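Student: I have a sequence and a set of coordinates on my screen, and I would like to learn how to read them feature by feature. Could we go through them together?

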Amino acid sequence: MTIKVLLVDDERLIRAGLAAIIDAEDDLAVVGEASDGTEVPGEVRRLRPDVVLMDVRMPRLDGIQATRHILATVPEPPRIIVVTTFENDEYVYDALKAGANGFLLKRTRPEEILQAIRMVAHGDSLLFPAAIRELAGRHGTSAAGGAAWHARLTEREGDVLRLMAKGQSNAEIAGELFVSPQTVKTHVGNILAKMQARDRTQAVIFAYETAFITPG
């Protein structure tokens, strides 16, 4: 099955470069392009992409607002990867909180961009533990509002969440905890439900924000 990609960036050369990389792959195809966030909801409804590569900074409507709008208004929305110049960009943190499934740097190597598209298309999140830890540390943490869901987590679910924050996959967590990957998958599902998080990235950010995990 071909993974359909929508490119969103106000720089034509960047869109052209990404399109050349993506369209060279047998299982990937660029189905459309947009130059600003204002165009994205309409293009998503028209083209039904699986993945949106979204520039986080655009002149009229940035990637954060576009992400929020897509997730709030589009049935079965696509997966969203925000693209940025700097990994410590404040916009990145806000985009991840808004529901983006991960981020990429514009200097990312082509093979890593392709891997990222495939990962999120198949339901995974792009977690960069060091970058998220740094962003969370700069935003500060507070125990307020976290105690309720903290209490609902089992001890094993807490262990799984801490390993998620390290960027470990289900298979890696299973190996560390000596359980099956299916058991880890069940724990992850329970964690997301209890935290009311869309995905692993949002769960990890919320865990930092409510001091369940501390950046240090």
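Tutor: Let us begin with R15, which counts as buried because its relative accessibility is 8%, where buried means under 20% relative accessible area, exposed over 50% and partly exposed in between, with a 1.4 Å probe and protein chains only. Bear in mind that this is a predicted model, in which local features need pLDDT of at least 70 and side-chain atom pairs count only at pLDDT 80 or more, whereas totals for chains, interfaces and linings use all residues. Residues are numbered from 1 along each chain as its sequence is written, and side-chain values use heavy atoms, with hydrogens and water left out.

Student: Which residues is R15 in contact with, leaving aside its neighbours within four places in sequence?

Tutor: Contact means heavy atoms within 4.5 Å, and on that basis R15 is in contact with L7, D9, D10, E33, A34 and S35. A polar atom of the R15 side chain lies 2.7 Å from the backbone oxygen of D9, which falls under the heading of a polar contact (a pair of N or O atoms within 3.5 Å; within protein, one must be able to donate a hydrogen and the other to accept it, and residues adjacent in sequence count only if both atoms are side-chain atoms).

Student: Which residues touch the most other members of the largest nonpolar core?

Tutor: In soluble globular proteins, nonpolar side chains tend to be buried together. A nonpolar core is a set of buried Ala, Val, Leu, Ile, Met, Phe, Trp, Tyr and Cys residues joined through side-chain atoms within 4.5 Å; in the largest, which has 52 residues, the members that touch the most others are V8, M54, I80, V160, L161, M164 and M195. A second, separate core of 19 residues includes V5, V51, L53 and V83.

Student: Where does M195 lie, and is it buried or exposed?

Tutor: M195 lies in helix α10 (residues 181-195) and is buried, with a relative accessible area of 6%. Beyond its neighbours within four places in sequence, M195 is in contact with W149, L161, A203, F206 and A207.

Methods: Helix = DSSP H or I, 4+ residues; strand = E, 2+ residues; numbered from the N terminus.
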